[in-house]
Amino acid sequence: MSALGGVGGVGGVGGVGGVGGVGGVGAFTGIGAFLGADDPAGYSPITTLGLQTTAEGLRHLSGLQLSSNSQHLPFNSCDNMARWGKWVRGSLYLSDYLSGLSWEPADNAIIIKIDNNLLISLKRPNETLLTEQCTLVRNYADLRADRTAEITSQMGFPTEYFAMLLGLTLGQHKKTIELITATQVVAAHTAMIAKHMLAIRRPDQVDGAILPMIMTPSHGSFPAAHAVEAYAVLTVLESVITQWGTLADLEPRIAMLRGLAERISVNRTVAGVHYPIDSWAGAAIGVAVGRVVLRRCGLCIDTSSLTLEAKNADFNSTDFFKFPERGGLSKGAAYRIDEKDSFKWLWNQVIAEKQA
């Protein structure tokens, strides 16, 4: 998990892994990137004892008057959002996203909906296609030595890589990083739903010559969750920096963001744990999820349903955005979904962090 994204590591809550880490509550809920942030597990034993002793020594000076701020906080109001810990807000973002998400099987495919609108349909690839894709996976192994540092440091949410491209800092861009993390978490949840239903074997389980350089993850191959997360973040950040309007080199920055999303996705094929078609499916879901996040934030953007019936193609951002048919991707009907107060609050915080 990304240290920059507030991942913490008190009591094994954060840890490594694309969906909230290994072990503890984070691995189960998927909000491991938020857990521990702003709410430490406790003080050291000596500090705890010292606080207890000090409290006993000073309590008689406290008086009998209640605080003048003892009245209720606003009921059901986003005015309270800034008071909560990051992990609490993370839970609210996830709940508001998942409340509109539904899915169902249909003719060897998964249909994912949002607020009863078709979001994306993914056709299950057949065994012949997987075998053909293994040739591409084997060829990517030549890049392993050059990309080892990237591959191993991107096993969790690669927030630092996006921060590098945009000059994000913890001092100035806390809420932007929180939006990135929230987007990654909801993207990962969506990916796992599709992975479970489609249940596609990993490349090394089809072709014994692939021999991955990292441990094969314990969930299905199609779609690639890293691609879902990367392209969801890309989609959201394109809107963020456009709304900021402070970058003189906006177009090159967007080009680098697209290049980074591609590289994060392809690195998983280099490592030997994903087919290129997994990145096609992941990028498609990622763009769809990113648009849902932006809609939840209150932006009026174009949203069209997507359908993917994967073809035996390699993956790159240029083909994905300019020639989607090469990978079997097509657009469908446009839809609109409702904004959510939690996301809208976060978006307003992010826009206020624009670079001067």
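Visitor: Is Arg-258 buried or partly exposed?
Guide: Keep in mind that this is a predicted model. In it, Arg-258 counts as partly exposed, because its relative accessibility is 29% and buried would mean under 20%.

Visitor: Okay, and which side chain does Arg-258 meet in a salt bridge?
Guide: That would be Glu-238, at 3.0 Å from N to O. Arg-258 lies in helix H9 (residues 250-270) and Glu-238 in helix H8 (residues 225-244), so the pair ties together parts that are 20 residues apart in sequence.

Visitor: What about Glu-238, buried or exposed?
Guide: Glu-238 is buried, with a relative accessible area of 17%.

Visitor: How many salt bridges turn up in the whole structure?
Guide: A search finds ten. One of them joins Arg-89 and Glu-178, with 2.7 Å between N and O. That pair links distant parts of the chain, 89 residues apart: Arg-89 belongs to helix H3 (residues 86-98) and Glu-178 to helix H7 (residues 174-198).

Visitor: And how accessible is Arg-89?
Guide: Arg-89 has 3% relative accessibility, so it counts as buried. Glu-178 is buried too, with a relative accessible area of 3%.

Visitor: Which residue does Arg-326 form a salt bridge with?
Guide: Its partner is Asp-319, with the closest N and O atoms 2.8 Å apart. Here Arg-326 counts as partly exposed, at 42% relative accessibility, whereas Asp-319 counts as buried at 13%.

Visitor: New topic: helix H4. What span should its 14 residues have?
Guide: H4 covers residues 127-140 and should span 20 Å at 1.5 Å a residue. Its end C-alpha atoms are 20 Å apart, which agrees.

Visitor: Which residues of H4 are buried?
Guide: They are Leu-129, Leu-130, Gln-133, Cys-134, Val-137 and Tyr-140.

Visitor: Why would residues three or four places apart point the same way?
Guide: An α-helix has 3.6 residues a turn, so residues at that spacing end up pointing the same way.

Visitor: And what covers the buried residues of H4?
Guide: The cover includes helix H5 (144-153), H9 and helix H10 (276-296).

Visitor: Which residue caps the N-terminal end of H4?
Guide: Asn-126 does, with a side-chain oxygen 3.2 Å from the backbone nitrogen of Thr-128.

Visitor: Last one. Where does Thr-303 lie?
Guide: Thr-303 is in the loop between H10 and strand E4 (304-308). It counts as buried, at 2% relative accessibility.

Visitor: What is Thr-303 in contact with, leaving aside its neighbours within four places in sequence?
Guide: Its contacts are Arg-291, Arg-295, Ala-333, Ala-334, Tyr-335 and Arg-336. For Tyr-335, the backbone oxygen lies 2.3 Å from a polar atom of the Thr-303 side chain.

Terms used:
Residues are numbered from 1 along each chain as its sequence is written. This is a predicted model: local features need pLDDT of at least 70, side-chain atom pairs count only at pLDDT 80 or more; totals for chains, interfaces and linings use all residues. Side-chain values use heavy atoms; hydrogens and water are left out. A salt bridge is a side-chain nitrogen of Lys or Arg within 4 Å of a carboxyl oxygen of Asp or Glu. Helices (H or I, at least four residues) and strands (E, at least two) are DSSP runs, numbered from the N terminus. Buried means under 20% relative accessible area, exposed over 50%, partly exposed in between (1.4 Å probe, protein chains only). The expected span of a helix is 1.5 Å times one less than its number of residues. Contact means heavy atoms within 4.5 Å. A polar contact is a pair of N or O atoms within 3.5 Å; within protein, one must be able to donate a hydrogen and the other to accept it, and residues adjacent in sequence count only if both atoms are side-chain atoms.
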